[in-house]
Amino acid sequence: MESFVSKLYKAHQDCSECPSPKVIQQYFEDLLGLLFPEYTVEKISDKSQIEASLMKLKENLSSILERNPHLHKGIGSKLADSFFLNLEQVFDWINQDVDAMFAGDPAAKSRTEILRSYPGFYAISAYRIAHSLNALGVKLIPRMITEFAHSRTGIDIHPGATIGQYFCIDHGTGVVIGETTIIGDHVKIYQGVTLGALSVDKADADNKRHPTIEDEVVIYSGATILGGNTVIGKGSIIGGNVWLTKSVAPKSKVYYQTQMYHADSAVTDMYVFKNDQDELSH
C-alpha cells in the first residue's frame, strides 16, 4: 500500500498546472451559451449583461493562460484580447455553418432545431472556437475543447485543421478530420467519413498528412480519404464507402458499385470514376 501511495504522490507532484478538462469544458459551454441563447440556461435580457459576460469570459481566459505559461509563448492577457477580437468572426462563421446545415438537410425544420439538437452544430462550434485559440499558438486547451465535443457527438475534428465557410456535417457520428486537413467553402460531409493520414509515423508529424477538400464537395457516409497529397477537386461528389488515396479532378463523381454474382464467378466489385470529360471504370 505504501508503494502505491508513493506512486500516486509522485504522479500528483509531476502533474503540470494545466487546467483540468472540467474547467475547459465549463468555459467552452459558458462561451457557447453566450454566443447562442438557444444553448444557454438563462437568456440574457439586458445589453449591459452581454458586455459584462464578454468581459468576464475574457478575464477567465486570461487567467487560465497566465496560470499556464507553458501552454503558449505569449502573454496571457494579450492572447485573450486577440481571441476576443476575433470572436465576432468566429460567431459569424458558425452562423454560416448553421445556414449550410439548414439548407442541406431537408429534415431540419428551423435554425433553432439545429442549434438546440444537431451534433454537427456542437462539434463545428467547438472546432471554430478551438481553432481560433490554436491559431494564436495556444497548446492543449484547443484539443481539450474538440475532444470534449468528440466525446459528446462522436465527431472528431482536430483544432489544427483548416475549414472554410458554410461547412455542413449531417448526422456526423464517426466523422474524423485530421490535423493537417484543408477543407474549402460549401463542403458537406456525412457520417462515418474519415479525412486521415496514410502514415502514422511520428517523424511525419510536421508534414501535411491529411487530404485537401476543395470547394463545393460532397462526401457521403463511410468514405475514407487519406494522404497529404490527395486533393478532391472542386464540385466533386464522393460516394459512400469509397476509399481514396489519390487525387480526384474537379467535378468528378466517385462511387463504389457493388455487384452480386454467383459464388463461383471471378468478377469482383468495382469502383466507378466519372467526370464531365470522361468515364472510367475499374
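This is a predicted model: local features need pLDDT of at least 70, side-chain atom pairs count only at pLDDT 80 or more; totals for chains, interfaces and linings use all residues.
Visitor: Is Val-5 buried, partly exposed or exposed?
Guide: Val-5 sits in helix H1, residues 2-14. Buried needs under 20% relative accessible area, and exposed needs over 50%. Val-5 has 40% relative accessibility, so Val-5 counts as partly exposed.

Visitor: What about Gly-120, buried or exposed?
Guide: Gly-120 belongs to helix H7, residues 119-135. The cut-off for buried is under 20% relative accessible area. Gly-120 has 2% relative accessibility, so Gly-120 counts as buried.

Visitor: How many Å apart in space are Gly-120 and Leu-85?
Guide: In sequence, 35 residues separate Gly-120 and Leu-85. In space, the distance is taken from C-alpha to C-alpha. That value is 25 Å.

Visitor: Which strands stand at the edges of the sheet?
Guide: The sheet is open, has 4 strands and pairs in parallel, in the order E2-E5-E8-E11. An edge strand has a single partner strand, so one side is left without a neighbour in the sheet. The two edge strands are E2 (162-163) and E11 (231-232).

Visitor: In E8, which residue is the bridge partner of Ile-183?
Guide: Strand E5 covers residues 182-183, and strand E8 covers residues 212-213. The two pair in the parallel sense over 2 bridges. In E8, the partner of Ile-183 is Ile-213.

Visitor: Which elements give two or more residues to the lining of the largest cavity?
Guide: The structure holds 1 cavity of 30 Å³ or more. The largest cavity has about 30 Å³ of space. Its lining is Ile-24, Tyr-27, Leu-61, Ile-64, Leu-133, Ile-141 and Ile-145. The elements that give two or more of the lining residues are helix H2 (21-35), helix H3 (47-67) and helix H8 (141-153).

Visitor: Which lining residues are closest to the centre of the largest pocket?
Guide: The largest pocket has about 470 Å³ of space. Its lining has 19 residues. The closest to the centre are Gln-26, Tyr-27, Glu-29, Asp-30 and Leu-57.

Visitor: Which helices each supply at least two residues of the lining of the largest pocket?
Guide: Tyr-27 is among the residues lining this pocket. Tyr-27 is also in the lining of the largest cavity. For the pocket, the helices that each supply at least two lining residues include H2 and H3.

How values were computed: Residues are numbered from 1 along each chain as its sequence is written. Side-chain values use heavy atoms; hydrogens and water are left out. Buried means under 20% relative accessible area, exposed over 50%, partly exposed in between (1.4 Å probe, protein chains only). Two strands pair if DSSP finds at least two bridges between them. On a 1 Å grid over the protein atoms alone, a cavity is a set of points where a 1.4 Å probe fits but cannot get out, and a pocket is an open set with protein on both sides within 12 Å along at least five of seven lines; lining residues have an atom within 4 Å of a point. Grid points are joined across faces, edges and corners, and a volume is the space filled by probe spheres set on the points.
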